Amino acid sequence: MIYDCVIIGGGLAGLTCGIRCAEEGLRTVVISGGMNSLHFSSGSIDLAGFTENGSVVKKPFEHIKNNAAKKKDHPYTKVGIPAIRKSLDYFKEKVSDEGITLNHNSDFNHFHVTAIGAVKPTYLSQESVFSSRGKDIIKSGAKIAILNFKGFRDYYPEQTAANLKEHPLFKNSELMLGDISLPYYLHTEKNLHEFRSTDIARIFETERYLPRIADEIKRAAGDADAVSLPAFIGINNYREIRGKLEAMTGKFIYEIPTLPPSILGLRIDHAVKNSFFKHGGEYIAGKKIESSVIKKGIVESIITGSRGTSSEIKAKYYVLASGSFFSGGLQSGVSSISEPVFDLKVKGDSKRSKWYSWNFFDKKSHPFLSYGVETDSSFNPSTQDGKTVKNLFCAGSVLAGYNPVKEGCGGGVAISTGYKCAERIIREIKK
Amino acid sequence: MIKLENISFDHCIKCTVCTIYCPVAQATHLFPGPKQSGPDAERLRIKNPELVDASLKYCTNCKRCEIACPSDVKIAEIIQNAKWKYVKVHWFRPRDFFMSRTDLVGGLATIFSGLTNFIINLKVMKVLMHLFLNIPYSRKFPAYQRGTFTGLYKKKFMQSQKVYEKRAVFYHGCFVNYNNHSLGEDLIKVMNALGYGVDLVDEKCCGVPLIANGYIEKAKKNAQYNIDSLGKTGDAVIVSTSSSCSFALMHEYPSFLELDNSSYIDRLDYITKFIYDEFTAGNIPQMKAVGIRAAYHSPCHLERMGGVIYTLGVLKMVPGLDLVVLNSECCGIAGTYGFKKENYEISQGVGQNLFRLIEKAEPEFVVTDCETCTMQIEMNTKYKVLHPVTLIAMALEEKNKGKK
């Protein structure tokens, strides 16, 4: 098969790159091995959350300009601030076309609440997590009801409340706890204990029980102005559902992500995939790349599948957006780190004991998180012999030079590098 | 003893992504989902087979869980294995016996096809089947054709195929042989236009319905028969028009049935991949515009094989075809699954999303690669379903005799 652009990896970086390429009319295919990590994410996009010593970043662009952009190897340096801005605007526009609004707090970070009630800085969030109205409500010290479905095991509001009370942002707020239950569940074949967030999200999506759920919320939340629910109020039509629930209850509805699968992340995944398909992108799911052919610094083809069932895929340009260790984009041996598809030059310590910190929650995070493929300033990697591969670009967490957890910048790097690679390919092809 | 190659369940990190994409778990809460039935329960089953629970039977083996899994766990295979390894099934199961012997039943039915089709659609027969065989009353059956495709081939085509130098073996499968001769004829027309003469060899049912109904030993016998037969075809290419047969011949034989199919594996392709490769190599026969608006449904097993892009690639090259690609949804029938009373409601429930998408697309025809998807879609929507090969055959100019 001959394409203009083959993208290996169907996550945030790969799909952002794919949408941009397909939109320009390039014949683009995304090859993904299993679902991406948006399914386990908060659904918010972090741009730059923490400084070197672990304190919260207030203005992410300013921080990038003063810090990250001074490090030669940092992906943000290679993208450049104007392109980072452009890529985020582009991403926002594309997911908004698919019905997901992403809000930001002008040039400032805002906070989102995690499943255990930790408060984390981020840059872009869905409107149920950040909006100017929500900001005002929290500022005014309003009463907030933290609710859960009775029996749902993947979320514990008590923990959320206990952690929120410790945070200065909520020092003026009155927090209350409550459970909502539904008569419907008495008639189901299954105990609510066994329900996952997706099971409940699908019940919400039917909209059949909304009036009853609204009544329950009003009962459990009493006179609270705002209500937080575990995030499962619909996947594809959550905006309508949230709007209806707010109208029926007269309360502000906030969402907190649950244990995986994360509905907030799932919405982003669906939106970017739909956008990619709409622009004419092709998608191969559940396939691994077994090998590749590189000759004289040019990728000639990649091969998927094993003997007899393999197919050779050719393209003018290739993008490696295969993720980090968890996604299989990087591999670790006993005392080696490698990139399995093209065997590219990788940056990382070969001494195993240097990979991690003994303290799991170390503020400095674990060194292995910053390991990855070394690239030049245009995101071209090189093979083991040091030769640059000219028609291959790398994007997202397969890249070296940054630590997504420590810096709180995973989403921003994925989107901006994916976008930048697409721009480069488009420019090359249109030459 | 744990066999070392079967510990892919150990790679499961409990992310539950498979359960999001399981069509059965979406349709009923009775199925706890692939994660729980597969890798989770496998640990318990290995420890103590008494811990096997009854929910295994809800799995349709559509393999969407395996496509979704980020950790490469063979979830459907684990469930499929456990289903027949641990669950004690009664030896006397007349319905499952006949349902899984597609070639035996087909062979008999095609002798008296008129009578079979008449009887099978009688209301009284349907009531009897519903009551005594647990085959749902409202389920429509595919009509049987008079005689077999192999018979037709010998009479009508064998002679004309000799003029072609390049040879292709056609694994026709049961559906073409007993229910849909015209698809076989279309295939011959297309292969001829590409310059290939079509041969048939002795074959048995690929074994998919046997595996689904727990007749593993019988499936192995059939598989070995097919391997021997296809292995003796020299260097001819082998094509199949059924996505599920292809999947079995390529993947299920070596992995699930643990048989060596290396004698033909390099030469076998699902038909659209073969046609795509020919087209891209420049071997494109003359085609006229078909002037059809069609909606394409991608069958689960073709998705698992990664074959959907080839079907789409070929369809995009058919002139005058206005194609709507439907979102990937399972149709729910899953081979013999939807023909069983205990599964009927779930099977119909699974398909609802797809039926809605089809109605919304307002096509003239639906196009899909799989025979049982075809039955399910034709029963539940008002549209006729075409195979991609049929569409290409429609586009071929009559005078086009191809390159010999």
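Predicted model: local features only at pLDDT ≥ 70, side-chain atom pairs only at ≥ 80, totals over all residues.
**View 1. Chain A split into its two domains.** The assignment for chain A gives domain 1 as 2–99 + 267–430, and domain 2 as 116–258. Take the centres over C-alpha atoms and you get 33 Å between domain 1 of chain A and domain 2 of chain A. Where the two touch, domain 1 of chain A puts in 16 residues and domain 2 of chain A puts in 16 residues.

**View 2. What gets buried between the domains of chain A.** Domain 1 of chain A and domain 2 of chain A bury about 1,400 Å² between them, and 58% of that sits on carbon and sulfur atoms.

**View 3. Zooming in on A:Arg267 and A:Glu255.** These two side chains meet in a salt bridge, at 2.8 Å from N to O. One salt bridge is found across the interface of domain 1 of chain A and domain 2 of chain A. Polar contacts across that interface come to nine residue pairs, with both residues at pLDDT 80 or more.

**View 4. The domain 1 face, element by element.** On the side of domain 1 of chain A that touches domain 2 of chain A, at least two residues each come from α2 (60–66), α4 (81–97) and α10 (263–278) of chain A. The largest share is three residues, from α10(A). Sorted by class, this side has eight nonpolar, five polar and three charged residues.

**View 5. Chain A against chain B.** Here the contact draws 35 residues from chain A and 34 residues from chain B. The buried area is about 2,900 Å², with 57% of it given by carbon and sulfur atoms.

**View 6. Charged and polar pairs between the chains.** Chain A and chain B share two salt bridges. In a salt bridge between the chains, the side chain of B:Asp72 meets that of A:Lys288 at 3.6 Å, N to O. There are also four residue pairs in polar contact between chain A and chain B, both residues at pLDDT 80 or more.

**View 7. The chain A side of the contact with chain B.** Elements giving two or more residues to this side are α7 (197–205), α10 and β11 (282–285) of chain A. Which of them gives the most? That's β11(A), with four residues. The class tally for the side of chain A that touches chain B is 14 nonpolar, 11 polar and 10 charged residues.

Methods. Residues numbered from 1 in each chain as written. Chains lettered and ligands numbered in written order. Heavy atoms only, no water. Domains from an automatic or database assignment. Contact = heavy atoms within 4.5 Å. Buried area = accessible area lost by both parts, 1.4 Å probe. Salt bridge = Lys/Arg side-chain N within 4 Å of Asp/Glu carboxyl O. Polar contact = N/O pair within 3.5 Å; in protein donor to acceptor, adjacent residues only side chain to side chain. Nonpolar A, V, L, I, M, F, W, Y, C, P; charged D, E, K, R; others polar.
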